[in-house]
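Q: Could you show me how to read a few local features, taking them one by one and giving the general idea before the case at hand?

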Amino acid sequence: MRDLSGFLKQHNTAYKATHVITAGPLFLDLNFTGLKAFPSLGHEIWSDSLEWGPGGVANQAIACVRLGMSVEICSFIGNDFLGNICKHALETMGVDMKYSQQREHQNLTVALPYQGERALISHGMPCTPPLPPLTRPPDFLSIGLADVAANSKQIKSWRERGTKVIADVGWQDTENPDLINTINEVDIFVPNSEEACALTGLNNVSLAANKLASLGTDIIVTQGKDGAYVHSRNNQRYDLPAPDVCVKDTTGAGDTFTAGLIWALNAGLNLEDAATIAIYTASLQTTRAGSALAAPTLGELKDFYQTINH
């Protein structure tokens, strides 16, 4: 893994001209942080703090905005009090909502971070409206793999005109064998280690990544504190470590990883180096409480990278 300090020093401007669309379910997140124990039946516990804000697809959108990119969300948003909270927060952050559609109730997630992991309780309907027909396609599309099939024609058209499509598993069932059939319709697939193994029926990350890459796309398997494993469609492989940090909250870290990946690819880095930047972006977020609003700015990311490596 090469030192990217010089690269980061040169790239000290925001990429506002970069057009990103993030498609997926939108949630209002409630994050109860600082738990001294995990809740059990018949007992009440208290958290040290409560963080709230838009989550789900908003995690990626806000993380991209904080890195300096122009972002639009394609999702459903509730026409209720919780939906209004999400809309106000997103618009305040500079996220464009014109491709989102209203529905009666807002999706809600309660996150309970504990000992470096977290449990989630969600309510709502995790579905996504169709991608909008655009005269000028986005530079990047981030979308759940299960939504690729429903938008296959639009995605094919966008890719032919230069859009780079990055997909994750989203909220879909990783045991659904049909999910794997659309992997070759995206440029980069980013599952976590559990998802990669579940999709392939293998219990080894490198073997799972190899099987997924054989379907015709670049694979980046995120591995939490162990970094990420990259297996390109050209059979190049990289096992990339993560910096050693004090983890406070992992909620939304995978989404922030994707935002860092998009920024780095847009800045011209190859897959290995872009994945390294993505690891550092996500690692920095985990040192903070909250999800979307804990995502780092470009300046914070650069300072963090310099501090860790010098």
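Q: In which strand is the place of Cys-74?
A: Helices (H or I, at least four residues) and strands (E, at least two) are DSSP runs, numbered from the N terminus; Cys-74 lies in strand S4, residues 70-74. This is a predicted model, in which local features need pLDDT of at least 70, side-chain atom pairs count only at pLDDT 80 or more, and totals for chains, interfaces and linings use all residues. Residues are numbered from 1 along each chain as its sequence is written, and side-chain values use heavy atoms, with hydrogens and water left out.

Q: Is Cys-74 buried or exposed?
A: Buried means under 20% relative accessible area, exposed over 50%, and partly exposed in between (1.4 Å probe, protein chains only); Cys-74, at 1% relative accessibility, is therefore buried.

Q: What does Cys-74 touch beyond residues up to four places away in sequence?
A: Contact means heavy atoms within 4.5 Å, and the residues that Cys-74 touches include Ile-21, Thr-128 and Tyr-99. The C-alpha atoms of Cys-74 and Tyr-99 are 5.0 Å apart, although 25 residues separate the two along the chain.

Q: How many residues of H8 are buried?
A: In H8, 12 of the 14 residues are buried, among them Thr-256 and Gly-260.

Q: Where is Thr-281 found, and which residues is Thr-281 in contact with?
A: Thr-281 belongs to helix H9, residues 271-286, and, leaving aside neighbours within four places in sequence, is in contact with Leu-67, Thr-256, Gly-260, Pro-296 and Leu-301. With a relative accessible area of 1%, Thr-281 is buried.
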